[in-house]
Amino acid sequence: MKRGAPLLIPAAGVLWGILSIFVRRLNESGLASMDIVWIRAAVTTLVLLPILFLRRKGEWRIRLRDLRCFLGTGIGSIVFFNFCYFQAVTITSLSVAAVLLYTAPAFVIVLSALFFKEKITGGKIAALLLTLFGLMLVTGMIGSGTRLSLQGLLFGLGAGLGYALYSIFGRFAIQRGYRPLTITFYTFLVAAVASAFLTGLPRITGAFLADPALLVPAVFLGVLCTVAPFALYTTGLQHVENGAASIMASIEPVTSTVAGALLYGEVLSPANLAGVVLVLAGVVLGSLPERSRP
């Protein structure tokens with residue numbers, strides 16, 4: 001598994017990248033963004049609950065003193081980053097919010113150096129710069145003339161920090177001996193409970209009663225775009241440094257952009273395509289062992 005671990009991270013990014021397909025379907029039914037966060041967390045929790053109880057070694061058990069790890073991944077990361085990201089989208093633009101969200105690798109690199117003594121290397125910095133510049137091209141931020149307010153900047157950076165915190169608190173949970181599915185389950189159990197206070201549960205219930213077919217995108221959102229990628233990413237974290245893993249997961253917005261072009265006819269400009277190449281180059285560079293980097 002250690003040899004193939006670097007492949008698990010971009011695989012998770014690809015599955016996160018197709019999330020917008022199912023989110024768009026749920027949005028069309030009148031559900032708000034935080035409603036979808038709750039649906040995602042609730043479905044993930046319900047799917048993983050029987051799996052954990054059926055697995056050997058009591059993987060569902062956690063020590064009370066370790067609850068802080070899952071409060072960190074569930075509230076500090078999932079709920080906080082989604083709240084900040086949705087605020088950033090409303091204040092700025094989708095492209096600017098996406099680029100600010102992917103300042104996450106920079107936060108991960110710095111925090112991992114502080115908490116886990118990971119080295120800040122030239123290879124990591126080069127990979128980070130490649131992915132950030134590529135993302136600016138992919139999202140159309142460069143050349144758009146978009147103006148950024150201080151409030152939008154702060155919410156966008158808050159989203160990046162929240163996104164980064166999953167790697168940090170997830171690493172703490174791994175160091176305490178928890179398995180990837182256990183971490184994913186308690187992350188989303190905590191997120192489901194916390195996000196319930198930010199959603200309209202009657203609105204969610206009404207939408208599903210009016211259109212039971214919404215169960216299909218809800219299940220895909222929970223299983224294909226949450227259980228699978230978080231399990232892959234957390235498994236990869238067992239063998240890959242936090243900073244490198246966060247850079248490699250930056251393939252997510254590229255996947256989302258390509259999916260939009262293939263499924264919805266969204267046009268990719270030459271600048272978009274150049275950005276895709278740069279992000280992929282950054283992902284590859286981030287996945288190389290230090291001795292193999294230039």
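## A lysine in a loop

At 67% relative accessibility, lysine 117 counts as exposed (the cut-offs are under 20% for buried, over 50% for exposed and partly exposed in between, with a 1.4 Å probe and protein chains only). You'll find lysine 117 in the loop between helix 6 and helix 7 (122-138). Most residues other than glycine have a negative phi.

One thing to keep in mind is that this is a predicted model, where local features need pLDDT of at least 70 and side-chain atom pairs count only at pLDDT 80 or more, while totals for chains, interfaces and linings use all residues. Residues are numbered from 1 along each chain as its sequence is written, and side-chain values use heavy atoms, with hydrogens and water left out.

## Overall build

Secondary structure is quick to sum up: the protein has 14 helices and zero strands. Here helices are DSSP runs of H or I with at least four residues, strands are E runs of at least two, and numbering goes from the N terminus.

For its 294 residues, a compact globule would have a radius of gyration near 19 Å, and the protein agrees with that at 18 Å (taken over C-alpha atoms, with the globule rule being 2.2 Å times the number of residues to the power 0.38). Along the principal axes, the C-alpha atoms fill a box of roughly 50 × 40 × 35 Å. Of the 294 residues, 52% are buried. Among contacts with a separation of 6 or more, 87% come from residues 24 or more positions apart, a contact being heavy atoms within 4.5 Å.

## Surface and charge

The accessible surface comes to about 13500 Å², and carbon and sulfur atoms own 70% of that (Shrake-Rupley method, 1.4 Å probe). On the charge side there are 22 positive and 10 negative side chains, with the centres of the two sets 11 Å apart. Lys and Arg count as positive and Asp and Glu as negative, leaving out His and the chain ends; each charge is placed at NZ of Lys, CZ of Arg, CG of Asp or CD of Glu.

## Aromatic pairs

The structure holds 17 aromatic pairs. Rings of Phe, Tyr and Trp (its six-membered ring) pair if their centres lie within 6.5 Å, and planes under 30 degrees apart are stacked, over 60 edge-to-face and the rest tilted. Take phenylalanine 70 and tyrosine 178: their ring centres are 5.4 Å apart with planes at 75 degrees, so this pair is edge-to-face. Phenylalanine 70 sits in helix 4 (residues 67-91) and tyrosine 178 in the loop between helix 8 (150-175) and helix 9 (180-195), so the pair ties together parts 108 residues apart in sequence. Both phenylalanine 70 and tyrosine 178 are buried.

Phenylalanine 116 and phenylalanine 172 have ring centres 5.0 Å apart and planes at 55 degrees, so that pair is tilted. Phenylalanine 116 is buried at 16% relative accessibility. There's also a cluster, in which ring pairs link Trp16, Tyr166, Phe188, Phe230 and Tyr233.

## Two more residues

Valine 43, in helix 3 (residues 33-54), is buried with a relative accessible area of 17%. Not counting residues up to four places away in sequence, valine 43 touches Ala218, Val219 and Gly222. Valine 43 and valine 219 are 176 residues apart along the chain, yet their C-alpha atoms are separated by 6.5 Å.

Glutamine 175 lies in helix 8 and is exposed at 53% relative accessibility.
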